[in-house]
Amino acid sequence: MEQAPTDPERQLQPAPLEPLGRSDSGLGVAVDEEAEGAREEGSGGDTMTHNNFWLKKIEISVSEAEKRTGRNAMNMQETYTAYLIETRSVEHTDGQSVLTDSLWRRYSEFELLRNYLLVYYPHIVVPPLPEKRAEFVWHKLSADNMDPDFVERRRIGLENFLLRIASHPILCRDKIFYLFLTQEGNWKETVNETGFQLKADSRLKALNATFRVKNPDKRFTDLKHYSDELQSVISHLLRVRARVADRLYGVYKVHGNYGRVFSEWSAIEKEMGDGLQSAGHHMDVYASSIDDILEDEEHYADQLKEYLFYAEALRAVCRKHELMQYDLEIAAQDLASKKQQCEELATGTVRTFSLKGMTTKLFGQETPEQREARIKVLEEQINEGEQQLKSKNLEGREFVKNAWADIERFKEQKNRDLKEALISYAVMQISMCKKGIQVWTNAKECFSKM
């Protein structure tokens, strides 16, 4: 790592962006006030139920999914799924509840909302959408995005996406989100009028920043590595679950052969017939139960998939930090270069090779008036560069403070959600095993009565 220069303007050189105390200007104050207001409204630790006013004032649900046919931008016929969003006030006036508002949205409109949030709130771990097409499926499930079971799971995922936003102390107060829930017509035009696409960082620039940042913040570097590992672990877990589901489905269905054999056997036995017939019935029940069991399992798998996609949301925050750090370093390099040029003009010495210095040697020295004019221009550029660098430093530090606060919030949410999901999954497996034991216990009683 390069040593810091001894220049008097040393404090302007780029350094790892460290969180500062509370800022008294701009968006940072608004963000802090919103977050503090949200925290003051609820004393509990459950973000989904306590930390904002939205879920206390309205109920949000995605209640239906409907298959539709229409025309796309190319005027070609297409089939898509629309989802009914219902919002209902939970406040009562004169004992009467306010009527429910409802509107239909396509999946692409949910995507547009999230893309907008990613651009305007780069320091926030924006909740992910459910998968557009089924991944990590076992053989009995369809990967078709129009399959009714898949559409139903995606409906639940879209509802969870909206609740995640509504429970966030900052995102819940966004006007575009409010219009998404309430304005059926011209909502897309309203979003596009914000110009968020023009503010989005290009992937090429982000990739360039990743490889060229000289002084990265170790915390964000570690966070990016963690998100990669989290994605890898959950992906492996989902693959294992899919393989187990395949094998478990086969084992349960094979038990149906017991039912068929016992029924055939009962036909040739007079004294043992009733017992064998009853035992066969229990085996049939056992074999058919796996369908409901694995259907319930898919909901737990979807909870894991949410955090699989959250990993990319974490990386998006890290990439934005890298871009800001890269811009900061470029601004510092440009400022240092202009200072050196100004010093060389003032002293008449050239410390490094430059095209300008070579031109001067070939065609003669500048007149004093020309030199003074150039020095004056450079001094103005240096002043502008210093102000720009200070601004970028403050902006970067504010970003780090806000981003890290939201990352801590996300960590608490993640630990709570994954703990609950894994415990529920274990409880479901225990219940499944108990039902299997009960089936064999009933079969044993049938055999005992023969």
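Two strands are taken to pair if DSSP finds at least two bridges between them. The exercises below apply this to a predicted model.

**Exercise 1. Which strands form the open sheet, in what order do they lie, and which are the edge strands?**

Step 1. Begin with strand β1 (residues 58-71) and strand β2 (residues 77-89), which run antiparallel and are joined by 13 bridges.

Step 2. Turn next to strand β5 (residues 101-106), which pairs with β2 in the antiparallel sense over six bridges; here Y83 stands opposite R105 of β5.

Step 3. Put together, the three strands make an open sheet in the order β1-β2-β5, with antiparallel pairing. The edge strands are β1 and β5, since each of them pairs on one side only, and from one strand to the next the twist averages 25°.

**Exercise 2. Determine how helix α4 and helix α6 are oriented to each other, and describe the residues in their contact.**

Step 1. Helix α4 (residues 107-120) packs with helix α6 (residues 175-182) at an angle of about 170°, the axes being 10 Å apart.

Step 2. Angles over 145 degrees count as roughly antiparallel, and α4 and α6 are therefore roughly antiparallel to each other.

Step 3. On the α4 side the contact is made by E109, F110, L113 and Y116, and on the α6 side by I176, F177 and F180. By class, this contact of α4 with α6 has six nonpolar residues, no polar ones and one charged residue.

**Exercise 3. Carry out the corresponding analysis for helix α9 and helix α11.**

Step 1. The axes of α9 (residues 203-212) and α11 (residues 273-347) come within 9 Å and cross at roughly 70°.

Step 2. Because angles of 65 to 115 degrees count as roughly perpendicular, α9 and α11 are assigned to that class, roughly perpendicular to each other.

Step 3. From α9, the residues K205, A206, N208, A209, T210 and R212 meet R319, E322, L323, Y326, D327 and E329 of α11. The residues of this contact of α9 with α11 divide into four nonpolar, two polar and six charged.

Technical notes: Residues numbered from 1 in each chain as written. Predicted model: local features only at pLDDT ≥ 70, side-chain atom pairs only at ≥ 80, totals over all residues. Heavy atoms only, no water. Axes fitted to C-alpha atoms, helices over the stretch in contact; angles between N-to-C directions. Helix = DSSP H or I, 4+ residues; strand = E, 2+ residues; numbered from the N terminus. Parallel < 35°, antiparallel > 145°, perpendicular 65-115°, else oblique. Contact = heavy atoms within 4.5 Å. Nonpolar A, V, L, I, M, F, W, Y, C, P; charged D, E, K, R; others polar.
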